[in-house]
Amino acid sequence: MNEVAPAYVKLVLAVGQHDKDYVDAFYGPAEWKSEAETRQRPLEAIASDAEALISRLERLPQPSDEMGQLRRSYLTRQLQALSARVAMLRGKKLSFDEESRALYDAVAPVNTEEHFRGVREELDRALPGAGGAASLVERYEAWRKDFTIPKGKVDGVFQAAIAECRDRTMRHMSLPPGERFTVEYVTGKSWSGYNWYQGSYRSLIQVNTDLPITMDRAIDLACHEGYPGHHVYNALLEKNLVRERDWVEYSVYPLFSPQSLIAEGSANFGIEMAFPGRERVEYEKASLYPLARLDPSRAEEFDRVREIVGRLAYAGNEAARRYLNGEIDAASAAKWLAEYALYPRDRAAQRVRFFDQYRSYVINYNLGKDLVRRYVESRGGTPDNPPKRWEEFEKLLSSPRLPSQLM
Ligand SMILES: [Zn+2]
C-alpha cells in the first residue's frame with residue numbers, strides 16, 4: 001500500500017489539471033504538483049492507471065489489523081470515485097443517485113412534498129403575519145431581517161464565535177500544536193463559507209459576504225469550518241495519519257470523493273457536539289447578540305424557527321435531484337427551494353449555482369450529518385455521555401472510514 005498511496009496522490013493531482021474544483025487540499029511533496037502541471041496527463045491514461053491501481057489493491061493480502069484493512073478499502077473506494085469523476089469529465093451521464101453512490105459512497109433518501117408540508121405548517125404558526133397576502137418564504141425573509149448582523153459587526157461576531165468553538169473543542173480533544181486559521185471575506189461565490197486546508201495545521205477560511213449574514217451563521221460557520229469541523233478534521237488527519245503513520249494518501253483531498261461525506265457530515269454534526277441542547281441559544285443570547293447589537297430577548301424566537309427550518313434540510317436534495325436529472329429547469333429548482341426548503345429568493349439562486357458547480361455533493365451535508373450522528377451514537381456516544389461522544393467523534397476524525405462503513 002505504501003507504493004499505491006503515492007501513485008493515488010499523483011492521479012488525484014493529474015485529475016486536478018482537468019477539473020479546477022477537484023483538488024481541495026494538497027500538502028504533500030511540491031514536486032508532485034509541478035509534475036502534474038507539466039505532464040498534463042490525458043483523462044484516458046488517468047482512467048486506465050486508476051483501474052490498474054484498484055486491481056493491484058485487490059491482489060494484496062488482507063492486512064491483519066483494522067487500521068490496515070480500513071486503509072485498503074478507503075484507497076480502493078477513493079480510486080473508484082476518481083474513476084467515476086474521470087468518466088463524468090469524459091462525458092458520461094449519471095443520474096443524481098448513481099452519481100452520489102459513485103462519488104460519495106451513499107444515496108440520499110427520497111422525501112415527498114407531503115413530508116415537508118408538515119414542517120411548513122409548523123413554521124407558518126411560528127412566524128408572524130399568518131393569513132396575510134405574503135407567502136411563507138416572504139414572511140420568513142422579512143422576519144429574518146431583524147436578525148441580520150450589521151456589516152461592521154460581522155468580523156467581531158465571527159471571531160468571538162470561533163474562540164468559543166475552539167475553547168469548547170479543546171475541553172474534549174487535544175489539538176496539534178500550532179494549529180490555527182485565518183478568516184478572509186470574499187464575494188462572488190456559490191457557497192457561503194469554505195475551508196482551504198493548507199497543511200502544517202493551518203487553514204484559510206473564506207466567508208462569502210454576497211448576501212446578508214444572519215445570527216445563526218456565526219456558530220454554524222465557526223463550528224463547521226473551524227472547531228470541531230473541517231479545520232480540526234484536516235489537522236487530525238495530518239497529525240495521526242500523514243505524519244505519524246506516513247500515509248501520504250491523506251495529504252491530498254479530492255473534493256468529489258467519499259471523504260467529503262465524512263468531512264461535511266462531521267462538520268455539521270460538530271455544531272451539536274460543541275453546543276449540545278440549549279447551550280447554543282444560551283451562548284448566542286448572552287454573548288453574540290450583544291456583540292452584534294441585536295435584541296437578545298428575541299434569541300429564543302430565532303432559535304425555534306432555525307430548528308424548524310433545519311428540518312427542511314433534505315428538501316434541498318430533492319430540488320437538486322430533480323434539477324440534475326433534467327426533470328426541472330433552474331427557475332423551477334429555485335422555486336422548489338423557496339417553497340420547501342425556505343430559501344429566500346437570493347439564496348435560492350445562489351444555491352442553484354451551487355448545484356451547477358458541485359452537483360450531488362449536496363447530500364454530504366444532511367445525509368452526512370445524520371450518518372455521522374448515527375455512527376457516534378451507535379457506539380455509545382449518546383448525548384448523555386459527553387466523554388464517550390467526544391471520544392468516538394475524535395476516533396472517526398482520525399481514521400480512514402468510508403460512508404458505507406458508517407451504516
Ligand atoms: Zn463544509
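Predicted model: local features only at pLDDT ≥ 70, side-chain atom pairs only at ≥ 80, totals over all residues.
Residues are numbered from 1 along each chain as its sequence is written. Local features need pLDDT of at least 70 and side-chain atom pairs count only at pLDDT 80 or more, while totals for chains, interfaces and linings use all residues, and side-chain values use heavy atoms, without hydrogens and water.

Helices (H or I, at least four residues) and strands (E, at least two) are DSSP runs, numbered from the N terminus. Two strands are taken to pair if DSSP finds at least two bridges between them.

Strands β3 and β4 (residues 202-208) run antiparallel and are joined by six bridges. Gly-199 stands opposite Arg-202 in β4. Contact here means heavy atoms within 4.5 Å.

Tyr-201 lies in the loop between β3 and β4. Its phi is positive, about 65°, although Tyr-201 is not a glycine. Tyr-201 counts as buried because its relative accessibility is 7%. Buried means under 20% relative accessible area, exposed over 50%, and partly exposed in between (1.4 Å probe, protein chains only). Arg-359 is another residue other than glycine with a positive phi, near 55°. Arg-359 sits in the loop between α16 (345-358) and α17 (363-378). With a relative accessible area of 22%, Arg-359 is partly exposed. A cis peptide bond joins Tyr-227 and Pro-228, with omega about 0°. Pro-228 belongs to the loop between α9 (216-226) and α10.

Rolling a probe the size of a water molecule over the atoms shows where empty space is left. A cavity is a set of points, on a 1 Å grid over the protein atoms alone, where a 1.4 Å probe fits but cannot get out; lining residues have an atom within 4 Å of a point. Grid points are joined across faces, edges and corners, and a volume is the space filled by probe spheres set on the points. The structure holds one cavity of 30 Å³ or more. The largest cavity contains about 40 Å³ of space. Its lining residues include Ala-25, Tyr-27, Tyr-197, Asn-234 and Gln-259. By class, six lining residues are nonpolar, two are polar and none is charged. Ala, Val, Leu, Ile, Met, Phe, Trp, Tyr, Cys and Pro count as nonpolar, Asp, Glu, Lys and Arg as charged, and the others, Gly among them, as polar.

Ala-333 is placed in helix α15 (residues 330-340). Ala-333 has 0% relative accessibility and therefore counts as buried. Leaving aside neighbours within four places in sequence, Ala-333 is in contact with Ala-319, Tyr-323, Ile-328 and Val-352. Ala-333 and Leu-402 are 69 residues apart in sequence, and their C-alpha atoms are 30 Å apart in space. Asn-268 lies in helix α11 (residues 259-274). At 17% relative accessibility, Asn-268 also counts as buried. Residues up to four places away in sequence not counted, Asn-268 touches His-224, Tyr-365 and Lys-369.

Notes: 1 Å grid on protein atoms, 1.4 Å probe; cavity = no way out; pocket = protein on both sides within 12 Å on 5 of 7 lines; lining within 4 Å.
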